[in-house]
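Please look through the sequence and the model together, and keep both in view while you read.

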Amino acid sequence: MKKHRYLEKYVLVVGGFLMLTLLSWVLREALTLSHFTMIYLLYVLIVAIQSGTYAALIAALVSFLSINFLLTQPYYTFFVADSRDVLGLSIFAIVAVLTGQLAARVRLQAELARDRAREQSILYKLTAMMN
């Protein structure tokens with residue numbers, strides 16, 4: 001059962017990424033690189049909160065590659081013609097990884113807090129039954 005949930009989580013991550021990439025590809029003439037990096041950064045943040053550290057790292061890497069390959073000129077290559085785009089993509093990669101790690105860490109801390117609250121509730125009930 002746990003393996004099924006794990007797989008389901010990653011299928012949702014990949015599905016969301018594919019939908020976002022298709023939408024970005026359609027809008028690539030109307031939006032700039034900064035728009036795309038913000039959209040994909042939001043995607044990485046959502047993935048980190050929902051799925052954790054490894055999924056966020058994968059989302060950041062795949063987002064970086066898809067922006068480079070599909071949304072920067074020349075299209076369909078990993079070559080970047082404009083040096084400003086290189087800087088923008090590099091900053092995106094760094095911020096995406098850091099944001100993903102921070103969001104995943106917050107998610108883990110929230111899970112630990114829920115576990116501690118549940119343990120405290122059990123101890124409180126046990127103490128109340130003994131008195």
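Predicted model: local features only at pLDDT ≥ 70, side-chain atom pairs only at ≥ 80, totals over all residues.

In helix H3 the buried residues are Ala 55, Ala 56, Ala 59, Ala 60, Ser 63, Ser 66, Ile 67, Asn 68, Leu 70 and Leu 71, where buried means under 20% relative accessible area, exposed means over 50%, and partly exposed covers what lies in between, using a 1.4 Å probe and protein chains only. Helix H3 has 19 residues and reaches 26 Å from its first C-alpha to its last, which is close to the 27 Å expected at 1.5 Å a residue; the expected span of a helix is 1.5 Å times one less than its number of residues.

Residues are numbered from 1 along each chain as its sequence is written, and side-chain values use heavy atoms, with hydrogens and water left out.

What does the secondary structure of the chain come to? There are four helices and zero strands, and read along the sequence they give the pattern α-α-α-α; here helices (H or I, at least four residues) and strands (E, at least two) are DSSP runs, numbered from the N terminus. The C-alpha trace of the chain spans about 75 × 30 × 20 Å along its principal axes. The chain has a radius of gyration of 20 Å, whereas a compact globule of 131 residues would have one near 14 Å; this radius is taken over C-alpha atoms, and the globule rule is 2.2 Å times the number of residues to the power 0.38. Of the 131 residues, 28% count as buried. Among contacts between residues at least 6 apart in sequence, 61% join residues at least 24 apart, a contact being heavy atoms within 4.5 Å.

Helix H4 covers residues 83-130, so to follow it you can trace 48 residues that reach 71 Å from first C-alpha to last, close to the 70 Å expected at 1.5 Å a residue. Its buried residues are Asp 85, Leu 89, Phe 92, Ala 96, Gly 100, Ala 103 and Ala 104, and these pack against helix H2 (33-51) and helix H3 (53-71). One of them, Ala 103, counts as buried at 8% relative accessibility. Leaving aside its neighbours within four places in sequence, Ala 103 is in contact with Leu 45, Ala 48 and Ile 49. Ala 103 and Asp 115 are 12 residues apart in sequence and 19 Å apart in space, C-alpha to C-alpha.

Side chains of opposite charge can pair when their charged atoms come close. The structure holds three salt bridges, each defined as a side-chain nitrogen of Lys or Arg within 4 Å of a carboxyl oxygen of Asp or Glu. In one of them, Arg 118 pairs with Asp 115, the closest N and O atoms being 2.5 Å apart, and these two residues of helix H4 are three residues apart, about one helical turn. Arg 118 is partly exposed at 49% relative accessibility, and Asp 115 is partly exposed at 31%. Another joins Glu 111 and Arg 107 (3.5 Å, N to O), which both lie in helix H4, four residues apart. An α-helix has 3.6 residues a turn, so residues three or four places apart point the same way. A further salt bridge links Arg 84 and Asp 82 at 2.9 Å, N to O; Arg 84 is exposed, with a relative accessible area of 63%, while Asp 82 is partly exposed, with 26%.

Which charged residue is buried yet has no salt bridge? It is Arg 28, for which the nearest side chain of opposite charge, Glu 29, is 4.0 Å away; Lys and Arg count as positive and Asp and Glu as negative, with His and the chain ends not counted. Arg 28 sits in the loop between helix H1 (2-26) and helix H2. A polar atom of the Arg 28 side chain lies 2.9 Å from the backbone oxygen of Leu 70. Leaving aside neighbours within four places in sequence, Arg 28 is in contact with Phe 36, Leu 70, Leu 71, Tyr 75 and Tyr 76.

Notes. Polar contact = N/O pair within 3.5 Å; in protein donor to acceptor, adjacent residues only side chain to side chain.
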